[in-house]
Amino acid sequence: MYFDDLPVGYSFETTSKTLTREAIIGFAETWDPQAFHLDEEAARASIYGGLIASGFQTMMTAFVLTVEAGVWTNASMGSPGMDEIRWRLPVRPGDTLWARGTVLSSTPSTSRPDRGRTVIGYEVLNQKDEIVMSYSATHILRRLPN
């Protein structure tokens, strides 16, 4: 899909992915080595009462699922950033995550007619359909070829 195919209000959903205990610990060992991501005993003694995934792992899982959904990937020219990142609920071993995206704004470029700027609001949900994370991302997308 191209910029022109994604009007305000357009919504899509991704497939899902389950995060295992091993995946959570493995990610944390490399990218977020905090005790409540790495050590079950320390995690039980934390405010979370048990092992939880890194928020960055939750974000990356949602991002990969979104790319795999293929909604904007063929038209993608990158992104200048994300906003309103919120980790709302802990993600625990065995949780299955999926994402829903909704186009919030879509603005054609005035200086480069081959592209536009699309802001998509994302919700990352678990198997109980609880929102565990939310954020918005600005995508620079190619326009339909003439």
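In the strand pairing, Trp98 stands opposite Leu125 in E4. The structure is a predicted model, in which local features require pLDDT of at least 70 and side-chain atom pairs count only at pLDDT 80 or more, while totals for chains, interfaces and linings use all residues. Residues are numbered from 1 along each chain as its sequence is written, and side-chain values use heavy atoms, with hydrogens and water left out.

Strand E3 (residues 96-108) runs antiparallel to strand E1 (residues 11-18), to which six bridges join it; here Lys17 stands opposite Leu97 in E3. Ten bridges, also in the antiparallel sense, connect E3 with strand E4 (residues 115-125), and six residues separate the two strands in a hairpin. Strands (E, at least two residues) and helices (H or I, at least four) are DSSP runs numbered from the N terminus, and pairing requires at least two DSSP bridges between two strands.

Helix H4 (residues 55-69) includes Val67. With a relative accessibility of 31%, Val67 counts as partly exposed, a class lying between buried (under 20% relative accessible area) and exposed (over 50%), with a 1.4 Å probe and protein chains only.

The largest pocket is lined by 17 residues, among them Tyr48, Ile52, Ala53, Gly55 and Trp87, which lie nearest its centre. A pocket is an open set of points on a 1 Å grid over the protein atoms alone, where a 1.4 Å probe fits, with protein on both sides within 12 Å along at least five of seven lines; lining residues have an atom within 4 Å of a point. Helix H4 supplies the largest share of this lining, three residues.
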